[in-house]
Amino acid sequence: RDHYMRSYLGSCDGVLMFYDVTDKASLASLETWNTYIDRCSKTVEKIMIGTKTDSVNPKVVDQIKAKALCRKLNIPHCDCIEASAKTGINVNNAVKIIVTQILEQRRLPELRKIRPFYG
């Protein structure tokens with residue numbers, strides 16, 4: 001399984017790192033995932049996204065904690081996007097942010113050669 005993860009992460013352009021705003025442990029687990037991602041690829045773009053904003057359970061991970069971890073992990077986009085897959089709130093926004101990061105930071109010149117309609 002590790003081989004497949006390394007292969008996938010080594011060739012991907014972006015990673016959406018999700019945590020549950022109703023579960024502190026889910027935010028803490030992102031440190032482990034970030035370490036693993038960095039071992040597989042030093043150039044992948046990352047964004048952290050808080051999920052379950054629609055939950056009836058109390059929110060226990062506030063944006064201050066999420067931003068602090070984001071900065072600690074050197075994740076460039078630290079606006080602490082919070083989203084709900086159930087209601088669709090901020091889902092498109094999160095995808096737009098990671099795609100923009102990928103295109104602007106690394107891939108735009110390459111993509112223009114392959115697909116001149118970008119940009």
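User: How many salt bridges does the rule count here?

Analyst: This is a predicted model. The count comes to four salt bridges. The rule asks for a side-chain nitrogen of Lys or Arg within 4 Å of a carboxyl oxygen of Asp or Glu.

User: What makes Lys 52 and Asp 20 a salt bridge?

Analyst: Their side chains meet at 3.5 Å, N to O. The cut-off is 4 Å, so the pair qualifies. Lys 52 sits in the loop between E2 and H3, and Asp 20 in strand E1, so the contact ties together parts that are 32 residues apart in sequence.

User: Which accessibility class does each of the two partners fall into?

Analyst: Asp 20 has a relative accessible area of 13%. Buried means under 20%, so Asp 20 is buried. Lys 52 has 46%. Exposed needs over 50%, so Lys 52 is called partly exposed.

User: How do you know that Lys 72 and Glu 31 form a salt bridge?

Analyst: The closest N and O atoms of Lys 72 and Glu 31 are 3.0 Å apart. That is within 4 Å, so the label holds. Lys 72 belongs to helix H3 and Glu 31 to helix H2, so this pair links parts that are 41 residues apart in sequence. Lys 72 reaches 56% relative accessibility and counts as exposed. Glu 31, at 30%, counts as partly exposed.

User: What are the values for Lys 46 and Asp 38?

Analyst: Their closest N and O atoms are 2.7 Å apart, and they form a salt bridge. Lys 46 counts as buried at 7% relative accessibility. Asp 38 counts as partly exposed at 23%.

User: How many disulfides does a search of the whole structure find?

Analyst: The search finds zero. Take Cys 12: the nearest cysteine sulfur, that of Cys 40, is 8.8 Å away. A disulfide needs two cysteine sulfur atoms within 2.5 Å. At 8.8 Å, the sulfur of Cys 40 is too far from that of Cys 12 for a bond.

User: Why are Cys 12 and Cys 40 called buried?

Analyst: Cys 12 has 12% relative accessibility. Cys 40 has a relative accessible area of 15%. The limit for buried is under 20%, so both residues get the label.

User: What is the order of elements along the protein?

Analyst: From the N terminus on, the elements run α-β-α-β-α-β-α. There are four helices and three strands. Of the 119 residues, 37% count as buried.

User: What makes strands E1 and E2 a pair, and in which sense do they run, parallel or antiparallel?

Analyst: Pairing needs at least two bridges. E1 (residues 14–20) and E2 (residues 45–51) have seven, and they pair in the parallel sense. Within this pairing, Met 17 stands opposite Met 48 in E2.

User: What unit do E1, helix H2 and E2 make?

Analyst: With H2 covering residues 24–40, they make a right-handed β-α-β unit. The handedness label means that, with the strands pointing away from the viewer, the path from the first strand over the helix to the second runs clockwise.

User: How do you know that the buried residues of H3 line one face?

Analyst: Ala 66, Leu 69 and Cys 70 are buried in H3, which spans residues 63–72. Seen down the helix axis, the buried residues fall within an arc of 105 degrees, so they line one face. On the other side, Ile 64, Arg 71 and Lys 72 are exposed.

User: What caps the N-terminal end of H3?

Analyst: Asp 62 does, with a side-chain oxygen 3.2 Å from the backbone nitrogen of Ile 64.

Methods: Residues are numbered from 1 along each chain as its sequence is written. This is a predicted model: local features need pLDDT of at least 70, side-chain atom pairs count only at pLDDT 80 or more; totals for chains, interfaces and linings use all residues. Side-chain values use heavy atoms; hydrogens and water are left out. Buried means under 20% relative accessible area, exposed over 50%, partly exposed in between (1.4 Å probe, protein chains only). Helices (H or I, at least four residues) and strands (E, at least two) are DSSP runs, numbered from the N terminus. The arc is that of the directions from the helix axis to the C-beta atoms. A polar contact is a pair of N or O atoms within 3.5 Å; within protein, one must be able to donate a hydrogen and the other to accept it, and residues adjacent in sequence count only if both atoms are side-chain atoms.
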